[in-house]
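Here is a short report on a structure with two chains. Look at the structure first, then read on.

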There are 2 protein chains.
Amino acid sequence: MTHQPVVRNNQRNDMTKIKVAQFGLGPIGIETLKLAATKPWVEIVGGIDIDPAKVGKMLSEITGDNSIRNAHVHRSLEELIARAKPDLVFHTSVSRLKEAYVQIEPIVRAGISVVSSCEELLFPQLREPELAVKLDKACKDGGARALGTGVNPGFVMDVLPVCLTGVCRNVKAIHIQRVVNASTRRGPLQKKIGSGLPPAEFERLFAEGKAGHAGLKDSAALIAHSLSWKLNELHETCKAVVASHDIRTRHVEVKRGQTCGLHQVVVGKVNDEVRLTLDLKMYLDAQNPYDACQIDGEPSLNMMLNGGVAGDAATVAALVNAAPRVLKAQPGLLLMTDIAVPSYM
Amino acid sequence: MTHQPVVRNNQRNDMTKIKVAQFGLGPIGIETLKLAATKPWVEIVGGIDIDPAKVGKMLSEITGDNSIRNAHVHRSLEELIARAKPDLVFHTSVSRLKEAYVQIEPIVRAGISVVSSCEELLFPQLREPELAVKLDKACKDGGARALGTGVNPGFVMDVLPVCLTGVCRNVKAIHIQRVVNASTRRGPLQKKIGSGLPPAEFERLFAEGKAGHAGLKDSAALIAHSLSWKLNELHETCKAVVASHDIRTRHVEVKRGQTCGLHQVVVGKVNDEVRLTLDLKMYLDAQNPYDACQIDGEPSLNMMLNGGVAGDAATVAALVNAAPRVLKAQPGLLLMTDIAVPSYM
């Protein structure tokens, strides 16, 4: 048997390498760089971080990945560009668009596209419509693209359900559930879900916007936008999940009766009728994690991802895999539903 | 509660209507027209069919849908264009690209985009690479797009699995299973799967390319292309499913021991290693139909669509929903993995 390919054409062989830089060198940023470094279509040209302990260091030193050569951490975009101008920047620093905007705007204005993990960038028209318009203009002025993505938001509770509706003649309602075992996740996430707090305190922090999962309303708004549903109500609630036994992870310690996670629900209504529910449970020691979605329509669809899409590894993959699709799109502020179907790259 | 939308922007409101025509007025073509007629973004301008019994008739008469006004069946593209030039034609007439090509080429050359149910158009580079190159050129010359899509091929055994890999750092293998209860499907499909034939005769007809499901190898090739896997082998087998009891549907009658459906399997290898399996069972009285997919990777994913994506209704929806996404893409021969993520429109 010869190894002649059955099909000759191959999209990535003709691809010139994408010059990539990393904005934000926290744990997700480092993992993004390390995954990007494994891709034959990526050339890593540098990083940006404000931490004086990181500025000037080689990326190989910071990531522990010696395959990343001749690239180091710059304190500013200008310094990075003076050395080597990337085609695309992975941006993994903040959840709020207000903070992300001041970081991303100069990048796209310089003609460099951005793929960001900023949760509010998934559908910036929801919380920051004025900034969305300004960012779209900055992208077009610079000939660049900006996209917010990830696993949640960015895939399991928005893009994947939307994808399923592609074979529907009609969609009456969409119900999505996600259960995450937070014990398998990174420390900051275990804290964000309230681990160890008195339940009333966690719920107060959620009400103040200081705890909870960012991006659930954003996922709902992206789905509604994609289906042209005009939501007249988009309501979010969050309750503490209370530990039934003492729990100890590598990062936190929780006593029975304390918060060990969250149960966050978003309901979207059209003409006062419930058309969308997004139900997220993220807690320590959750058994049988899963992602599920029911499309009530013609045909109705009932999807289950047993085990769910677990881990920060998937978030990093979503960012890196999006890069080639983003660069093929027209300049502007992009939504995940504007670009080509997700795919391993 | 006022009905002010939560989010202002809305993609379909700014859309001018898409002028649509239908090529081929068999059962699928008629259902496509009827679904398209329900969409506020569609204006139906006419149909094309060679059947003298249909030429000249009003589409409202042929479809039984009186909302389709002032549009009738033409015998040729030229006659249709002389009356009203569509932006897009739904093409639902044949499975083989050789036959589809002579119908589609003049349409795209006239600057009219095509969304087709032709199974071999899903990934024409597999069976007809020369025609694929010619069709791509005709599209670009005319400023039009051509896309092959549907449910299978076009979604459950190709695009949906590809979409899942979008959150994977690595993909070792993809295994896909589909079980269809053919008793719920149209007559031609019940015959195509061999209903009522002696099993040996059905398997002989499959070997001759005269029976079986069209598009399974095409789905595998699209996945491989999307993941940049160079398949060195793409092997297809098909066995008859033998009736364990007498079966009678509206369309066929099958005695115990006769063929009541098919079990068709495609295996794709990279460097002689199995990386892809597509396992399709389509038979009368199949219990518990489903669509399932396992991604062996990082993370591994295990998807189940209970009940599956059933029925010709979904095929028609896939065609109609693709239209706006196709028109937003650059001119050329398109793959489902080139255009925006599927979505109800």
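Predicted model: local features only at pLDDT ≥ 70, side-chain atom pairs only at ≥ 80, totals over all residues.

Start with helix α8 of chain B, residues 199–207. Three of its residues are buried: B:Phe202, B:Glu203 and B:Phe206. Why do they belong together? Their arc around the axis is only 95°, so they lie on the same side of α8(B). An α-helix has 3.6 residues a turn, so residues three or four places apart point the same way.

What covers the buried residues of α8(B)? The cover includes β8 and β11 (259–270) of chain B. After the helix comes B:Gly209, with a positive phi near 80°.

Chain A has its own helix α8, also at residues 199–207. Here A:Phe202, A:Glu203 and A:Phe206 are buried. They too cover an arc of only 95° around the axis, which puts them on the same side of α8(A). A:Ala200 and A:Ala207 are exposed on the other side of α8(A). The buried residues of α8(A) have a cover that includes β8 (233–242) and β11 (259–270) of chain A. Just after α8(A), A:Gly209 has a positive phi of about 75°.

## The sheet of chain B

Now turn to the strands. Chain B holds an open sheet of 7 strands. Their order is β3-β2-β1-β4-β5-β6-β15, and the pairing is parallel. Which strands are at the edges? They are β3 (73–74) and β15 (332–334) of chain B, and each pairs on one side only.

|---|---|---|
| β1(B) and β4(B) | parallel, 4 bridges | B:Ala21 and B:Val89 |

Take a closer look at β4(B), which spans residues 88–91. B:Leu88 and B:Phe90 point one way from the strand. B:Val89 and B:His91 point the other way. All of these are buried.

## One serine in chain A

Next, pick out A:Ser116, which is found in strand β5 (residues 113–116) of chain A. Why does A:Ser116 count as buried? Because 28 other C-beta atoms lie within 10 Å, and a residue is buried if 20 or more do.

A:Ser116 and A:Thr92 are 24 residues apart in sequence. In space, their C-alpha atoms are 5.8 Å apart. Leaving out residues up to four places away in sequence, A:Ser116 touches A:His91, A:Ala100, A:Ile104, A:Leu121, A:Ala146, A:Leu147 and A:Gly148.

## How the two chains meet

How does chain B relate to chain A? A rotation of 180° superposes chain B on chain A, with 0.0 Å of shift along the axis and an RMSD of 0.0 Å. That is the relation of a two-fold axis. The same surface serves both copies, as 100% of the contact residues of chain B recur in chain A.

How many residues does the contact take from each chain? It takes 67 residues from chain B and 67 residues from chain A. On the side of chain B that touches chain A, several elements each supply at least two residues. They are α6 (159–164), α9 (216–226), β8 (233–242), β14 (301–306) and α10 (312–328) of chain B. The residues of that side divide into 39 nonpolar, 20 polar and 8 charged.

Strands also pair across the contact. Strand β14 of chain A, residues 301–306, is joined to β14(B) by 3 bridges. The two strands run antiparallel. In β14(B), B:Met303 is the bridge partner of A:Leu305.

Terms used
Residues numbered from 1 in each chain as written. Chains lettered and ligands numbered in written order. Least-squares fit on C-alpha atoms with pLDDT ≥ 70 in both. Contact = placed C-beta atoms within 7 Å. Nonpolar A, V, L, I, M, F, W, Y, C, P; charged D, E, K, R; others polar. Pairing = 2+ DSSP bridges. Buried ≥ 20, exposed ≤ 12 C-beta atoms within 10 Å, placed from the backbone. Arc of directions from axis to C-beta.
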